[in-house]
Structures are given as C-alpha cells and as structure tokens.
Amino acid sequence: MLTRIISAAVGIVICVLVFIFGEMWPFLYSIALAIVSLISCLEFLTAKKLQKKIPILVLTALFAVSMPLASGTAFWYLPLLIYTFALFVLLVFMREKVSINDITFAYAGTVLITLALSSMAYLIMSREGWYAFYATVTLAGPWLADSCAYFSGRFLGKHKLAPVISPKKTVEGAIGGGVGTIALLQVVGLIFQFIVYRNMHVNYLALLVIGIYVAFVSVCGDLVFSAVKRECGIKDYGSIMPGHGGLLDRFDSVLFCAPFVLLISEVWGLMSK
C-alpha cells in the first residue's frame with residue numbers, strides 16, 4: 001500500500017510540474033504525451049516479446065513519438081499512414097522473421113494507444129489557454145475512477161466483477177468508482193473556476209456527462225488491457241511505477257476516455273470565459 005501511494009505521489013508531482021510549465025509552454029504537453037506514448041507502446045510490445053523484433057520495435061517507436069507531436073498540425077495522419085504501410089510491407093520482405101500475428105498484435109495495440117494520447121494532445125494544444133484544465137479533466141476522470149474503485153472494493157467489495165480477467169475487481173468497487181468519479185469531477189470544475197483561474201465558467205453539465213461515461217468505460221478499458229495481459233501471461237506491463245506496474249497500467253483506462261472528452265469539448269464545450 002505504502003509503495004503504491006508513494007509511486008502515485010511521484011507521478012502526481014510530475015503531472016503538476018508539466019501542468020505548471022505547460023501553461024507557459026504548451027508544447028510541453030505534446031512532448032510529455034509523446035514520451036508516455038513511446039513507453040506505453042514499448043510496454044505493449046514487450047508483453048508479447050515483440051521488442052526483440054527490431055523492425056517492429058523501430059517502426060513502433062517512431063510512430064509512437066511522432067503521432068502526438070503531429071496531432072496539432074494539418075499532417076497529423078501521416079505517421080499513421082506511414083506506420084500502416086511500413087508494418088505490412090514487413091510481411092513481404094521479412095516473412096521469415098515477422099508473422100501476421102506479430103503485425104496485427106503490434107498494430108492494434110499501438111494504434112489505439114497513440115491515437116488516444118494524440119486526441120488528448122490535440123484537445124490541449126488546440127485551445128487558447130486553460131491547458132491544465134483540459135489535461136486535468138482528461139486524466140482525473142479515469143484515475144479518480146480507479147482510485148475510488150480500489151478503496152471501495154477494498155473495504156466494501158464482495159461480488160467479483162470479472163474473476164477470470166481481473167480477480168481483485170468487484171461490483172461494489174466499480175459502483176464506488178463511478179459515483180466517486182461523477183462527484184469529484186464536479187469538484188475539479190469548482191477548483192479550476194474559483195481557485196486556479198477565476199476567469200472562466202465551467203460547463204458542469206458537460207462534466208457530469210463525462211463523469212457518467214468515464215464511470216463505465218474506464219472499467220472496460222482496464223479490463224480490456226487486463227485481458228491482454230492474461231493472454232500474454234504477464235502480471236503488469238512494466239515496473240516503471242512500483243506498486244502500479246507500467247505506464248500502460250496507469251493509462252489503460254485513459255485511452256478509452258480521452259477521445260470522448262475531446263468529442264464533448266468540440267461539440268458542447270467544457271468551459272467559457
């Protein structure tokens with residue numbers, strides 16, 4: 001427990017530093033997300049030992065970094081097109097070393113990871129200020145859901161949610177995570193409106209919709225990547241965060257929620273002056 005809390009605290013400090021300096025230099029968000037994308041994609045490849053296949057490793061690394069960095073430009077789609085073409089070309093010229101199973105596993109996971117993180121990068125970079133607010137809403141929803149679910153399940157959990165895939169998750173934990181997320185996202189809005197910025201008006205109804213969505217989808221995202229871990233025979237995707245596992249273990253639920261936050265922001269708006 002202590003290791004988990006300390007590790008989480010270090011991660012929060014890093015996020016806060018990015019938020020603070022990102023207000024002055026927004027491109028830091030793209031750089032930070034490119035790093036997260038790179039590490040997460042490499043962890044995903046390592047789950048099936050594909051990091052040993054150098055062509056896949058190099059192409060994935062280049063794609064993972066370039067996609068978030070290009071997300072705010074008119075050419076955001078080029079890394080995806082090049083990566084798609086290059087990976088499948090490997091089947092023609094390196095058929096003895098690379099199988100279709102290797103390609104499809106690498107492609108499905110890394111495209112999901114990079115597109116989701118790129119949507120978050122675009123959400124932040126396309127705004128005209130209040131960058132930390134958009135970043136916090138995107139990250140806080142899934143992470144609050146996970147934390148609330150952890151403590152609710154620890155003290156109240158009785159009924160297993162998905163015992164084969166994730167034995168420790170409970171129905172009570174999922175409900176507690178959902179309720180906690182919906183409530184705490186409203187608190188996040190209040191903090192930014194009345195303490196952090198003071199010159200903005202938060203769309204609390206939009207935050208409510210995001211909270212409801214995240215309450216359900218973040219659990220699904222966690223279970224999807226847990227199923228992949230089970231299939232690959234591993235416990236965690238990495239060990240960069242002691243007590244939590246790898247970065248992908250922390251961002252798995254974020255991946256399924258970030259595109260929806262972007263959608264709500266574009267269609268409805270999360271805040272106004």
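Predicted model: local features only at pLDDT ≥ 70, side-chain atom pairs only at ≥ 80, totals over all residues.
Local features need pLDDT of at least 70 and side-chain atom pairs pLDDT 80 or more, while totals for chains, interfaces and linings use all residues. Residues are numbered from 1 along each chain as its sequence is written, and side-chain values use heavy atoms, without hydrogens and water.

**Exercise 1.** State how many helices and strands the protein chain has, and in which pattern.

Solution. Helices are DSSP runs of H or I with at least four residues, strands runs of E with at least two, numbered from the N terminus. The protein chain has nine helices and four strands. Along the sequence the pattern reads α-α-α-α-α-α-β-β-α-β-α-α-β.

**Exercise 2.** Classify the ring pair of tyrosine 213 and phenylalanine 260.

Solution. Rings of Phe, Tyr and Trp (its six-membered ring) pair if their centres lie within 6.5 Å; planes under 30 degrees apart are stacked, over 60 edge-to-face, and the rest tilted. The centres of tyrosine 213 and phenylalanine 260 are 3.8 Å apart and the planes are at 10°, so this pair is stacked. Tyrosine 213 belongs to helix α8 (residues 204-232) and phenylalanine 260 to helix α9 (residues 247-267), so the pair ties together parts 47 residues apart in sequence.

**Exercise 3.** Decide whether tyrosine 213 and phenylalanine 260 are buried, partly exposed or exposed.

Solution. Buried means under 20% relative accessible area, exposed over 50%, and partly exposed in between (1.4 Å probe, protein chains only). Tyrosine 213 has 26% relative accessibility, so tyrosine 213 counts as partly exposed. Phenylalanine 260 has 16%, so phenylalanine 260 is buried.
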